[in-house]
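Trainee: Could you walk me through this structure, please? I am new to it and would like to take it step by step.

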Amino acid sequence: MNENAGGSNGRIHVLGICGSLRAGSYNKGLLRAAQELARDHGIDIEIYERLRDIPPYDADQDTDDAMPEPVRHLKAAVSGAAGLVIATPEYNYSVPGVLKNAFDWASRPAKGSPLNRKPIAIMGASTGMSGTIRSQLALRQSLIFTDSFALLQPEVLIPRCADRFDANSNLVDESTRALVGKQMAAFAAWIRVVNEASDAAVGVQQ
Ligand code: FNR
């Protein structure tokens, strides 16, 4: 079993990544709300703060010797987490470049990537009408190649989000908070299912 999923203290350690670098990001606020609401479901979310430091993907630097320190840090953080929660805006109908870039680094090597078989919950808020539906689908498409275990339901798609947050970009809308809490409950169960299945598979191989 992944020692970060239901370890000795029974808590699940999860890494939260926001796809927006903006100080007043609604998606960062959404991730903070997830962090708060997940606690009751046994999940402790550590918010990743170094997305800005990750350089553009360069295969020449994607070697043991040349790998940039922020990339090593990212890969270790993903490896050490029982799951990921991604809160992302939609940029031009897709995933923001900074987030896609981080996933590109983390996706290598293809067999042995820290994203392989990693449970991932996805949520997103946008000021437009579509609520990040296209960026979430684009991210899910990338996760097919990495063989990551993206949670399917409930989806957290938040359109016209500005009114649901206060002046400090904290999520205050009760129905949205309830939905985020519901997704975190499902995610805790999903992580346990994935880990039990992995343990069973190891048992079969032994
Ligand atoms: C956007 N926005 C946007 N919204 C949307 O619903 N669909 C889209 O395709 C886009 N495209 C887009 C491109 C770029 C470059 C920017 C800067 C913005 C609007 C976006 O949803 C809004 O700015 C959110 O507030 C961004 O999220 P954060 O930074 O508040 O988390």
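What follows is a friendly set of questions and answers about this structure.

Mentor: Before we start, this is a predicted model, in which local features need pLDDT of at least 70, side-chain atom pairs count only at pLDDT 80 or more, and totals for chains, interfaces and linings use all residues. Residues are numbered from 1 along each chain as its sequence is written.

Trainee: What pLDDT does the chain average?

Mentor: pLDDT is the predictor's confidence in each residue, from 0 to 100. Here 95% of the residues score at least 70. The chain's average pLDDT is 95.

Trainee: Which element of the chain has the lowest mean pLDDT?

Mentor: Helices (H or I, at least four residues) and strands (E, at least two) are DSSP runs, numbered from the N terminus. At the highest end is strand β3 (residues 83-87), with a mean of 99. The lowest mean, 91, belongs to helix α5 (residues 174-205).

Trainee: How many helices and strands are there in the chain?

Mentor: Read along the sequence, the pattern is β-α-β-α-β-α-β-α-β-β-α. In total the chain has five helices and six strands.

Trainee: What radius of gyration does the chain have?

Mentor: The radius of gyration is taken over C-alpha atoms, and the globule rule is 2.2 Å times the number of residues to the power 0.38. The C-alpha trace spans about 50 × 40 × 25 Å along its principal axes. For 206 residues, a compact globule would have a radius near 17 Å, and the chain agrees with its value of 17 Å.

Trainee: What share of the contacts with a separation of 6 or more comes from residues 24 or more positions apart?

Mentor: Two residues are in contact if their C-beta atoms, placed from the backbone, lie within 7 Å. Counting contacts in the chain with a separation of 6 or more, residues 24 or more positions apart account for 78%.

Trainee: How many residues of α1 are buried?

Mentor: A residue is buried if 20 or more other C-beta atoms lie within 10 Å of its own, exposed if 12 or fewer, and partly exposed in between, with C-beta atoms placed from the backbone. Across the chain, buried residues make up 39% of the 206 residues. Of the 13 residues in α1, the buried ones number eleven.

Trainee: How far apart are the end C-alpha atoms of helix α1?

Mentor: The expected span of a helix is 1.5 Å times one less than its number of residues. Helix α1 (residues 26-38) has 13 residues, so it should span 18 Å, and its end C-alpha atoms agree at 18 Å.

Trainee: Is glycine 29 buried or exposed?

Mentor: Glycine 29 sits in helix α1. Setting aside neighbours within four places in sequence, glycine 29 is in contact with Phe165, Ser169, Asn170 and Leu171. Because it has 23 C-beta neighbours inside 10 Å, glycine 29 counts as buried.

Trainee: Where is serine 169, and what is its phi?

Mentor: Serine 169 lies in the loop between β6 and α5. With 20 C-beta neighbours inside 10 Å, serine 169 counts as buried. Serine 169 is a residue other than glycine with a positive phi, near 60°.

Trainee: Is asparagine 92 buried or exposed?

Mentor: Asparagine 92 is in the loop between β3 and α3. Although not a glycine, asparagine 92 has a positive phi of about 50°. With 9 C-beta neighbours inside 10 Å, asparagine 92 counts as exposed.

Trainee: Which residues does proline 154 touch, not counting those up to four places away in sequence?

Mentor: Proline 154 is in the loop between β5 (149-150) and β6 (156-158). The peptide bond from glutamine 153 to proline 154 is cis, with omega near 0°. With 15 C-beta neighbours inside 10 Å, proline 154 counts as partly exposed. Beyond the residues up to four places away, proline 154 touches Leu179, Lys182, Gln183 and Ala186.

Trainee: What is omega for the peptide bond that joins arginine 108 and proline 109?

Mentor: Proline 109 is found in the loop between α3 (97-106) and β4 (119-125). The bond joining arginine 108 and proline 109 is cis, and its omega is about -10°.
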